[in-house]
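User: I have a model open and want to learn how to read it. Can you take me through its features one by one?

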Amino acid sequence: MAYLEKKKPEGFHNTKMQKELILQKLKKKGCRITKQRQMLLDVILQEECASCKEIYYKAKKEDSKIGAATVYRMINLLEEIGAIRRENMYKIYCSMDCGRENACVIELDDHTVLKLSAQRWFMVILEGLKAYGYADKQQIASITLDPCLKADD
């Protein structure tokens, strides 16, 4: 499960109220409130999305006519008005009970490709943590990965 961090204004914990506040800010900015923008806002507020592309695919299921450029423009607008922050947009969160097959795909330097389910991925990481003395009897509750990190960071 991945997430797009949403900035929640104080007192606006309800998604309907959040949506109304965001729509007001968009109107104030001079933006038209189209059905597609409303649908995109619903997708963003109701789902945890990792990227614009993920938002696009979820929105495409609801409206086959929506274009990727519309999604990117909406994300930029939401960021401009302070409704979202993209700094955590590409972090990936996974828990042991995820049940996903191919949750982790690793390519070795000899071009061998390993496709690990979420459970297998957790086992490999836990055994590595134990081997290096980082864990003893603990179990991994979740893993968050930031794939945007560069090797020299």
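Analyst: Start with handedness. A crossing of two helices is right-handed if the near helix is turned clockwise from the far one by less than a right angle, and left-handed if anticlockwise. Here, H3 and H4 cross in a right-handed way. Bear in mind throughout that this is a predicted model.

User: At what angle do H3 and H4 cross?

Analyst: Their axes cross at roughly 125° and come within 9 Å. That angle makes H3 oblique to H4. On the H3 side, the contact uses Cys52, Lys53, Ile55 and Tyr56. On the H4 side, Ala68, Val71, Tyr72 and Ile75 take part.

User: Let me step back. How many helices and strands does the chain have?

Analyst: The chain has five helices and four strands. Read from the N terminus, the order is α-α-α-α-β-β-β-α-β. Of the 153 residues, 31% count as buried. Next, look at contacts between residues with a separation of 6 or more: 50% of them join residues 24 or more positions apart.

User: Which residues of H2 are buried?

Analyst: Buried means under 20% relative accessible area. In H2 that applies to Met39, Leu40, Leu41, Val43, Ile44 and Leu45. Their cover includes helix H1 (15-28), helix H3 (52-62) and helix H4 (68-80).

User: How does H1 lie against H2?

Analyst: The axes of H1 and H2 cross at roughly 135° and come within 11 Å. The two helices are therefore oblique to each other. The crossing of H1 past H2 is right-handed. From H1, Thr15, Gln18, Lys19, Ile22 and Leu23 meet Gln38, Leu41, Asp42 and Leu45 of H2.

User: And how do H2 and H3 pack?

Analyst: Their axes are 10 Å apart, at an angle of about 125°. That makes H2 oblique to H3. This crossing is right-handed. Met39, Leu40, Val43 and Ile44 of H2 meet Ile55, Lys58, Ala59 and Glu62 of H3.

User: What should I look for in a nonpolar core?

Analyst: In soluble globular proteins, nonpolar side chains tend to be buried together. In this model, the largest nonpolar core has 23 residues. Ile22, Leu26, Val71 and Leu78 have the most contacts inside it. H1, H2, H3 and H4 each give two or more residues to this core. H2 gives the most, with six residues.

User: What does leucine 26 touch?

Analyst: Leave out residues up to four places away in sequence. Leucine 26 then touches Cys31, Ile33, Met74, Leu77 and Ile81. There is also a second, separate core of eight residues, including Trp121, Leu126, Ala135 and Ile140.

User: Where is arginine 120, and how accessible is it?

Analyst: Arginine 120 is in helix H5 (residues 118-131). Its relative accessible area is 45%, so arginine 120 is partly exposed. From arginine 120 to cysteine 104, the C-alpha separation is 9.0 Å, across 16 residues of chain.

User: Last one. How do I read a backbone phi value?

Analyst: Most residues other than glycine have a negative phi. Histidine 111 has a positive phi, near 75°. Histidine 111 lies in the loop between strand S2 (104-107) and strand S3 (113-116). With a relative accessible area of 61%, histidine 111 is exposed.

Definitions and conventions. Residues numbered from 1 in each chain as written. Predicted model: local features only at pLDDT ≥ 70, side-chain atom pairs only at ≥ 80, totals over all residues. Heavy atoms only, no water. Buried < 20%, exposed > 50% of the residue type's maximum accessible area, 1.4 Å probe, protein only. Contact = heavy atoms within 4.5 Å. Core = buried A, V, L, I, M, F, W, Y, C linked by side-chain atoms within 4.5 Å. Axes fitted to C-alpha atoms, helices over the stretch in contact; angles between N-to-C directions. Parallel < 35°, antiparallel > 145°, perpendicular 65-115°, else oblique.
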